[in-house]
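Have the structure open while you read.

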Amino acid sequence: MNFATGKEQVAASGQSKGTTHARTRSKRAWREAIEFYLMLSPWALGFIVLVAGPMIYSLYLSFTDYDLFNAPKWIGLENFRYLFTSPPPSSVLWKSLAVTAYFTFLSVPVSIAGSLLLAVLLNTKVRGLPFYRTSFYLPSLTPAFASALLWVWIFNSKFGLANAFLRSIGLPPVQWLTDPHWVIPTFVLMGLWGLGGNTMIIFLAGLQGVPVHLYEAAEIDGANWWDRFWAVTLPQISPTLFFNLVLGIIGSFQIFTSAYLMTGGGPNYSTYFLVLYIYQEAFKSLHMGRGAALAWILFVILMIFTLLQFWLSRRWVYYEGGEAK
Amino acid sequence: MRASQSVRREPVWRVAALRIIPYSLLYIILTLGAIVFSIPMLWTLSSSLKDTIHIFTQTVQWIPNPVHWENYLELFIRLPFLTFIWNSLIIVANNVVATVLTASLAGYAFARLRAPGRDFMFLLVIGTMLLPGQVTLIPRYIIFNKLGMIDTYWPLLLPSWLGGGAFEIFLFRQFFMTLPTELDDAARIDGCGTLRIYWSIVLPLSQPVIATMAIFNFIWSWSDFFTPLIYLNSFQKFTIALGLATLQRSAEQSTRWELVMAGAVLSIIPMLVIFFLGQKYFVQGIALTGSKG
């Protein structure tokens, strides 16, 4: 609100001098409001045409049968009935949901813990810090399509580097991408390569915001490094942790590129993630209605998770009341 | 109580050891980590320079012998890779310029202007940040299809002109709010209009946030796989992402993995260039996201 003081002063002095100034003041407010909406208009147009309109349209589509060529046919809840209740061999939805959830709940905790650990290690006064930060950050810049290809080659069961490593330490080779039991852990492992990316940097910023005097106080009380981490660092960075957790879950529910390029959803639907399913239904089978229904299912799931996290956050996220900016 | 504890002095060597051991351990962990993290990239680079005989062996050969630089040449002969790169660059340039312009405009309005309904509008902006893109994906496709824009660049170019994204608007607003308003007021007294203040006073002061947003959008546009996959069909219009995917599919039959690896290396180079050029903006920008989020 600070930014308005100048104008408010002008306005206030106008008010004391009579009604003509009051009129110019309201005129100015009008002008400002019009300017506001003019400057916002590109976004507002985009919001209507690309977000709000499509959302309503997609809700409508989810109750129809539509193949792009014939007019959409209203079929009520048929899409949802089909998706949820088809008997197992054809009910891909449950499989897809299970696989997506499995991936999310394996990969999010592992990568959040990993990035936090890395951030803690990099938040020390090590020499050559820029070098370390760069070498951990760079992998996260690799485009997903490029890293998918790179990992396909590394996890190649015959000539890949991963199995060469296992052989060299006397372990049997693993069918990384073709064994249904291994493929999700393999995806999680791949995700670890991006550990030093934006999540880690956000943690680093959070860590640097922890007041030094808290550590000093803890040290005087005889706290060892683990106590300090547990009782000072963790509560202090809990808003950052929360932020990364929310974004992490949303992001990993939307995994697509690596699965599309590396496994195509296989073997035996083990990586048939939700977005891959949406893509197949909408753009390969041209079941636009069913695709829209799937997208809404994804949306509702993410909403529930996000709201649940916000609700749970009241118990564990610590906001410093007095010092909050 | 504390006094009685400190009387028992610890021997000097122990104090020294307690200081040195954790630090050397830290160096060892970090160095090992840095090596492990660079292995995939080094392996890709190494594979891209091998010939078919050396790429399909079970013995690990880090330094290719002989080195086949001509793999990169072959890449450009086999596929119109130059066209792919050019196509990607056009899309990237458009999205960077469009996003910076329209998002900063909206961000400025939110930061400096007062209007009824402003807070509600801002809530809408934030709301779209949490909206998964898949919900609007299919209707967007249908709309672009009805407009006859499938297999053109319009679906990839237009959206960034319409607000440029919630995240960008949010960051621009946050940055503008840190700028002192005295400059605006002085300019207003000198007779500057709002647009003029935005353009010739606020934007020139906002170079850090503009650079950050430009860098991020460069990376996102270049790395985008899904949008071109859905909207582009003709080979000549492919972006580098689609070009590489095509190469991979053909490689699975012709087993030319060294070419796929060369393509992957090529697609990473622009990311490296932009990283080393704009290094300082990375940390700043990302940190801004997290601390204000």
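This is a predicted model: local features need pLDDT of at least 70, side-chain atom pairs count only at pLDDT 80 or more; totals for chains, interfaces and linings use all residues.

Before going on, some ground rules. Residues are numbered from 1 along each chain as its sequence is written, and chains are lettered from A and ligands numbered from 1 in the order in which they are written.

In chain B, the contact between the two takes four residues from domain 1 and six residues from domain 2; contact here puts the C-beta atoms, placed from the backbone, within 7 Å. On the domain 1 side of chain B, the touching residues split into one nonpolar, three polar and no charged. For these classes, Ala, Val, Leu, Ile, Met, Phe, Trp, Tyr, Cys and Pro count as nonpolar, Asp, Glu, Lys and Arg as charged, and the others, Gly among them, as polar.

**Between the chains**

Chain A puts 74 residues in contact with 76 residues of chain B. On the chain A side, helix H2 (residues 19-61) gives the most, with 20 residues. Helices are DSSP runs (H or I, at least four residues), numbered from the N terminus. By class, that side of chain A has 56 nonpolar, 16 polar and two charged residues.

**A helix pair in chain B**

Helix H4 (residues 70-78) of chain B packs against helix H15 (residues 257-277) of chain B at about 90°, with axes 9 Å apart. That makes H4(B) roughly perpendicular to H15(B), a label for angles of 65 to 115 degrees. Axes are lines fitted to C-alpha atoms over the stretch in contact, and angles run from 0 to 180 degrees between N-to-C directions. From H4(B), the residues involved include B:Tyr72 and B:Arg78, and they meet a group in H15(B) that includes B:Glu258 and B:Leu259. This contact has four nonpolar, two polar and three charged residues.

**Confidence**

The predictor gives the complex an ipTM of 0.85 and a pTM of 0.86. Chain B averages a pLDDT (the predictor's confidence in each residue, from 0 to 100) of 86, and 91% of its residues score at least 70. Over residues 1-6 of chain B, pLDDT stays under 50, and the model has zero contacts there beyond four places in sequence.

Note on methods: Helices (H or I, at least four residues) and strands (E, at least two) are DSSP runs, numbered from the N terminus. Angles under 35 degrees count as roughly parallel, over 145 as roughly antiparallel, 65 to 115 as roughly perpendicular and the rest as oblique.
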